[in-house]
Structures are given as structure tokens and as C-alpha cells.
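Here is a short report on selected parts of one structure. Please keep the sequence and the 3D view at hand while reading.

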Amino acid sequence: MRYKFLLYVSLFLLLFQTTVNAQKDSGYLSALKWRMIGPFRGGRTVGATGVPQQPNVFYIGVNNGGVWKTTDYGRTWKPIFDSQPTGSIGDVAVAASNPNTVYVASGEGIQRPDLSVGNGMYKSTDAGKTWSHLGLTDGQQIGGIAIDPTNENRVFAAVLGHPYGPNTERGVYRTTDGGKTWDKVLYKDENTGAVQVVIDPKDPNTVYADLWAGRQGPWENGEWNGPESGLYKSTDGGNTWHKLTEGLPTVAQGLGRIGFCVAPSDPKRMYATVDAGDNGGMYRSDDGGEHWKSISNDGRYWGRGSDFAEVKVDPKNEDIVYTANVVVWKSTDGGYHWKDYRGAPGGDDYHRIWINPDNPNVLLIVADQGAIITVNGGESFSSWHNQPTAQFYHVSTDNAFPYNVYGAQQESGSVGIASRSMDGAINFREWHPVGVEEYGYVAPDPLDPNIIYGGKITRYDKRTGQVQNIAPEAVRSGKYRFVRTAPVLFSPIDPKTLYFAGNLLFKTNNGGHSWQQISPDLTRETWDIPASVGIYTTDALKKMPRRGVIYTVAPSPKDINTIWCGTDDGYIQLTTDGGKTWNNVTPAAISSWSKVSILEASHFEIGTAYAAVNRIRCDDQHPHIYKTTDGGKTWKEIVKGLPEDPINSVKEDPQTKGLLFAGSERATYVSFDNGENWQTLQLNMPCTSIRDLVIKDDDLVVGTHGRSFWILDNISVLRQLAVSTALKNVVLYKPQKAIRIRFSTYPDTPLPQEEPAGQNPPDGAMIDYYLKEPATGEVTLSIKDSKGNTIRTFSSNDQPYSIPPVNIPLYWIRPQQLLSATAGAHRFLWDMHYTPLNTPPAYPISAVYGNTAPEPTAPWVMPGTYTVVLTVNGKAYTQSLTVAMDPRVKTSLKDLQDQHDYSLTCYNDRIKAAAYAEKIAGYKKAATNLTKETLQELNAFGGSVGRRRSASVDISFGSLTGGFDAVQHTLQEADMPPTEQAITAAKKLHDNFLQLEQKWLAFEKKNLKL
């Protein structure tokens, strides 16, 4: 029995230890912070409202970007929904009776091939500061909100329902208690939802709603419209409804979505955009919707009605009406004639219009490009280049320094943006399109970051700006199939091999000058129809032409002949001979039309691979990640710890075996044990769709589909946690190699703080440590050079430096950092300088908003190896730290050493000169019996410090202090060989100091006694 008891205990302890090792306490990760780099180019936005009582205030709801608010007519926008568990927004509305009450509908509220879903209704009673969830969780897509203008607690919600399958929580819902409870007041069936609901502005009992039986298919561009679509009206507050049909197309005539509005000045007047094929168009009613007539069938005003469907009437004149489509159009004669109002070649794709009821010259218009506001009736608009809500499909990086981040942006084109700006913040100067279509992969040439490949397929040269089509067929014949996102990527082994995929795989070794087909069609020849298709299932769907494509390609980093391919119709194919033969290695659990979103070939074992499978198009919100370790013979699903959230991407850290990252429709996750357990890595990032991620050196870079690009700098902590087998009370992590780089080299006056900008990496060497409990005393951090000399010491007892009365607003100044003794994870930055002088700080003209550091008063340290010593509760912990030079700097080590040595001499002599000057001042203050001659000598020795970085011709400790400051600055202002004149000045100052010091010591010994 004793043996069995010990065995049970051992097994329990082993299981406990395994669990501990697998699941890292979130406290270990809390010092890590994501930073958003941009670009600030808006993405698809469908929610829009303003506040009549506060004409400068507007709200927008962004697809996968959350809710944003402006209080300055759109000059700046701030996110106000980032703490919530979804970023997918379909509508936002403000109560007319109380501008502090804001309702938000989650889910995009549209039907299109690329979308995300939400989790119900939200409400704020303090103008967006805090939020509460109101239910309707399974509605997934809520396209419209209508608030009773006289009662903020009476609200209607148009619930569209699951976009890819049937469900019962759909239709029109009503609450009379501010969202505590909801009643389903208009419902047809599990296939028909509501997309819009409007309350008569003058009669709250009259309510209109559009039911839409739209369904997206499991394959690209598959869609259906059901039999119950139509416009409905209630005159008893939503208790009963009748269908409005007179003059409108029928379902048999192709009726789909209807977008409509009610004129506030005359509620009998209504307008509608009607999506009905050849019978579609602009319609008008003059009797509250009972009868309709077509006023235009011009497709420019109503086309793509399933996507746009927005018409809005002037609140003071029922004959002035706007329609949002590819272009915004305006009519002033009741819809009979139209004039362009806002748009651009290529199509901005407008979705929603809000007009201020008190001043119709004020309009908020939202589009696939973001939100814009006019206050003068359309003469001018604010910009959408101040909204970091870009939607990316994939992300990649190049081999430049600093590296650039690339992606194709939905509805806009493509982006190449710097991961670091030499201006201190990543502004509009740091990004540019790279010639790739809006859906594509972007693949920078590993050997030449000036050359960019992408799309289906192009070659872009940054130097000339020219784009060349290099597709395998100069003119498409229909022989090959491509859909929205076609994989384009380089071999991780041969930097000259580029892969490109449609329904089969191509490769080129000469930059697309010619292509080689290295696979047959890798998609399904036959397929099952997913149950989610439901009532739309027919035998014809099984007989339609093949539609699948290769959606992901993963060449092995270990073997150039091993390539994995995944398709959007649910196949995983493998070649181990460079494409000569292929084997179908699809797991049995992956059924037809389960999209293999990302495949990742292991960096450590040829037979190991990971597959992220997204089944949202099969109405499946579960996470799916599979792993094989035997070349696809067997697979294991590895999703423990992941919430109910589809997975878009999975990647393996190339340096640490077992460290995996995954991106879902809402967040990023990490596994420290090869996928056996997962935990969130969301940290400070808002909920948004993580479509792709990549590990670049020590950084984790993600491409979101609604919040632009984000970077998690320096994941060395995660790498060390992945191999850690014990949780310790104090951990000093080994620092990553620190690059000696200048945070900002911008020389001019700063951009206004209202100009949007992404964040630069942290400024300095990152030193990470963890304290399980608060320290019982002082914590110190010391930096020692290779000879053991302590060159910098920080203490938890340090006090912030004092900011003198400066002639600048304090919001420019960087928050001060102090060494922490509190429990938890900490990231401390050493600026790679010697100890700064205790002098009043000065700030450069080239400031960075909220991140301007004082100008350095101490020299840079030399590149080399240093020792970090963390002392906690009397015990010292040490790690080595390598400081490397900015790789763009070509200055020789000898010249850098000369620069360092002369600078350090100036620095040390300045400290001594200042000390002598202070001592002389003390003599003058303390002594009362000094002779006139002695006082004159003291004044001559002490002198005075003139303007900063200047020196007088008189040699005194005061003038030498200014001289050392000036010469040190000259030596340190650039990583260049010191000039002869700078060296001469440094030597002369040093000689003058030594001579003056010698004279002073002799004078002091002879004449002064305290």
C-alpha cells in the first residue's frame, strides 16, 4: 500500500509539474506590450452616428476595429471599445434623449465573402467610457439599431443571424428596459434575419424593418437569397407587422436586401435601394411605404445592393436625398435626378451616412476607407488617413534594417511600412504602397528589399515605383483558378526560389521571368456539402465545376524538396521530392470546405508541420489546429486552452522548439509546449481578427483585419520561459542583443501632436526581470563593462529627475522610468549611455509627442559585452548583455573607440570641473575673512558657465564646463569618425583643464582653509 501511495503521489507531482511548465502564470508576461505601427489608413466602417446636441462629437463602428469617437469633427479619433471581447461592429447609435447613452451592435451586419462575427449588443451610459453587454450573443451579425427618440430604454435591434448557417436568434428584437431583456417581435425562420430597423421620427409606434434571407456559402463567392426577404411595417410599436409589397420586386424577381430611410420632415416620404437583379433600383414611397415606385434603375446608385444599401434623406427637406454606393450621390428633386457628391476613381465604397438633424450641412460618411466628416455641405471633408483600422490578409517582413512590414489592405491596395522610424514615431513618411492588389500576399525579395512580389502576381521596384505583371499566363485563359488570396512566398532555404499558387503550385528561380508548374490540381475533385448550407443544398452543388484553390503553402526550412500545401476546400497535400509527386495527407477530421488557412513547416524536424483550419464558412466557431510529427501520416488536434474562436494562423518560433503562436478572430495565443496547452497573449492589444503573424528576429509581428499592424518587441522572455522547468522567486532574463541606435535623428520642428503616428520600439537595451513577491528592501540594477567596472547603477530608491520651468508643454516629455521593487514582471530600459549628469534637462527641437527624452549629457558606451547585475533582497543575479552597433553605421571600431575615448574624457573632465566650481562657490559662501585678492582669484578660477555648449576665452572651471559640453556634443551627435578639429578641441580642453587643476590645487593648499 505504501508503494502504491508513493506512486500516486509521484504521478500527481509529475502531472502538476507538467501543468506548471505548460501553463505560465500570466504575471510572467505582463511586462510585454504590443505596439501599433500603423498605417493610419482607414478600413471598412459600417457604423456611423453623431450627437446633435454636441455637433463636434461623432462615433463610428469599424469592422473588426471596434468603436471610435471624435470630439473635434474628425481631426482625431480615439478607440473607446478596446476593453470589450469583440471588435466586430455592425452599428452604433446614440439616444436622442440622452447623448450619454450609446448602443453598439456587434457583428459586421453585412453579407460578403470576408467577414467576422460579433457576440451581441452593448451599451454605455457614460458616452463610451464604460460598457455593459446586453445579450443577443448568438445573433453573430446585428446590422441595425433604432432608439426611440423619446425613450432611451426602448430600442430595436435588427439581428441578421449567422452568416454561414441557420440559427433561431435572428429577426427584430425589442427592449423596453435598456437592454436588460429582449423580445423577439419579428421573426420568420432560422434562415431569415433582419438587417435594418427604423423608427418613424414623429411617431415612435411606427417602425419599419428589412428582413433579409441572405446566406454566405462555404466556398468563395457562394451566396444565396431565401424566400422571406422583404420590407415590413408596424404601427403598434412592434407588436404586429405587415409586409410592404406594393410596387416592390418580389422574391421570384430576385429580391434580396433593401436599404431604406424615412424623411424626418415628412415621414410619409420614404426612399429605398432595392437589390433585385434586373428589377433592382432606387424606389420611393409617398404614403409611408404602402405603395412604391421606381425612380431610377441606374446601377451606380443602387448596385451591389447586398453590400451597400444605404439611402438617407435630408432631415429638413424630404426632396434632398443621398445614396451611398461606390460613390455617394445626391438628389435635390426627390430622387429623379442625381449628382455625384463624394467619391474617387477605383471606388471608395461608402456604407453609411449620418446627417445632423439640426444642421444638414454636417454629415458623417463611412466607407471601406474609413470615416470622413463635412461641416460645409460637402465642400470639404476631414481625412480618413488618421484611423489605424486597416484590414490585412497576411503579413511579411523584409531583411532591411530597420525591417519593413508588408501586407495587402482590403479595399485600399498594399502597404510597406517601417518597423522603426528615425523620426522617433512612425508617421506618414514611413509607408508607401508596394504595387500589390488589396487581397494578396506580399513577398519582399530576401536578397533585395527594393523588390517586392505579390498579388496574382506582380513585381514592384521601390526605386522606380514601377509594377510589372509576371503571372504565369500573360492573359488569363481560365486554365488556372485563383481567388481572393493567392499564396506568394520565398523558399526559406533558397532565396531565389519563389512560389505562387492557384489551384496548382508554381515556382520561379528568375524573378517571374518564367515559371515552372510543380503540382497538379491539389484541390478536391468531389466534395460533400456542409450541413450549414441547409435549405440551399441541391444535387447541383455537388456537380458544379471545381472551385477550390491552394490557400497556403509551407516550404520546409529543413529540406528544399519538402513542401506542404493546404486548400480552401479542405485538403492538405505534401511533396518530399520537390513537386514530382504529391501525397494527400489530410486528417480525417478535416471535412469538405474546411479552409486550411495556414500551414507551418517545422524549423526543427522535416516531418513536423502545423495546420490552422478555419471553419467559419461551415458555421463552425470552434478553434482547429492540427499537428503531425510523421509527415502527415497521423495528426493530432492541439487546441487545449483556446476559446471558442476560429483560428486563422499558427506559427512556430524558429529559435525555440515547442514555442508556438496562433492568431484567432479575436486575439493572439502562445503555447510553450508544442501546442499541448495554449494561453492568451493578447496583453494590451484590442480584440480584432489576427489574420497572420510572423516571427522576425526577436519580434512577433501580426497583421490584423481591422487594426493595422502590431509588433510585440523582444520575445526573448517567451523563449526563455519555453525552456524553463522551474518557477523561481526572482528571474533575471538574459537580455537580447541590444542595438545601439538613435531613437530619433529628425532635425526639424516636430509634426503637430494631432498628426497620427505609430510607435517606435522601446528606446534602449531591454532588461527583463520578474519578482514573485515584492522586494523587502532596495533593488539595484548595475551595468558593468568587460573589465568589471560599474558604469551605471539604478535603484528602486531613485527619485524622478526634476523638470525645471521649461518653455514647452509638458505633454511632449517622455514619462520617467524608475526601477521597480514590486511583484510581477518588469521591463527596464538602459539607454546605453554612462550616468547622466545632474544638470537641468534640456529637450531637443525635434520632439516626439509624449516620448521626448532629455538630451543626453553622457556618452554612448562602446559596442561590446556587458554584465547586468540585479540585486534583490541582498542576492545578486547576473546575465551578460551584448551591445551591437547600428548595422547601417560603417564607421570602423577604431574610429568609434576614438569617439568614445575623447567623449569620455570630456565627460569625466566636465564632472571634475563642475565639482571644482561648486567647491569654489562653497569657499566663497563660507569664508568671511577672505582678502579682495583671494576673492578675485576664486572668481577667476570658478568663472561662470555661459550659454549651453559654449565656452569663454577665459580659462576657468565654469568656462571649461561649457566647453566640455560643446565638444562632447559635437563628438557624440553622429556615429561618425571624429573630425580633426573636434579632436584638437578635446585635447586642448583637456590640457587646459589639467593645467588649471594643477594651479587650483596649489592655490587651494596655500590660501584656503574651511
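## A buried leucine and its surroundings

Leu574 has a relative accessibility of 6%, under the 20% limit, so it counts as buried. The model is a predicted one. Leu574 lies in strand S46, which covers residues 572-575.

What does Leu574 touch, apart from its neighbours within four places in sequence? Its contacts are Thr562, Ile563, Trp564, Thr581, Trp582, Asn583, Val585 and Gly631.

Val553 is 21 residues away from Leu574 along the chain. Their C-alpha atoms are 9.9 Å apart.

Strand S44 spans residues 550-555. Six of its six residues are buried, so S44 is largely enclosed by the rest of the structure. S44 pairs with strand S45, residues 563-567. The pairing is antiparallel and runs over five bridges.

## An open sheet of three strands

Three strands build it, in the order S59-S62-S65, with antiparallel pairing. Which strands stand at the edges? They are S59 (730-732) and S65 (824-830). Each has a single partner strand, so one side of each is left without a neighbour in the sheet. On average, neighbouring strands here are turned by 20° against each other, direction ignored.

S62 covers residues 765-771. S59 and S62 pair in the antiparallel sense, over three bridges.

| Strand pair | Sense | Bridges |
|---|---|---|
| S44 and S45 | antiparallel | five bridges |
| S59 and S62 | antiparallel | three bridges |

## Two helices that pack

Two packed helices are described by the angle between their axes and the distance between the axes. Take helix H5, residues 893-926, and helix H6, residues 932-942. Their axes come within 9 Å. They cross at roughly 155°. An angle over 145 degrees counts as roughly antiparallel, and H5 and H6 are therefore roughly antiparallel to each other. Their crossing is left-handed.

Which residues meet where H5 and H6 touch? H5 brings Ile920, Tyr923 and Lys924. H6 brings Leu935, Leu938, Asn939, Phe941 and Gly942. By class, this contact has five nonpolar, two polar and one charged residues.

Note on methods
Residues are numbered from 1 along each chain as its sequence is written. This is a predicted model: local features need pLDDT of at least 70, side-chain atom pairs count only at pLDDT 80 or more; totals for chains, interfaces and linings use all residues. Side-chain values use heavy atoms; hydrogens and water are left out. Axes are lines fitted to C-alpha atoms, for helices over the stretch in contact, and angles run from 0 to 180 degrees between N-to-C directions. Helices (H or I, at least four residues) and strands (E, at least two) are DSSP runs, numbered from the N terminus. Angles under 35 degrees count as roughly parallel, over 145 as roughly antiparallel, 65 to 115 as roughly perpendicular and the rest as oblique. A crossing is left-handed if the near helix is turned anticlockwise from the far one by less than a right angle, and right-handed if clockwise. Contact means heavy atoms within 4.5 Å. Ala, Val, Leu, Ile, Met, Phe, Trp, Tyr, Cys and Pro count as nonpolar, Asp, Glu, Lys and Arg as charged, and the others, Gly among them, as polar. Two strands pair if DSSP finds at least two bridges between them. Buried means under 20% relative accessible area, exposed over 50%, partly exposed in between (1.4 Å probe, protein chains only).
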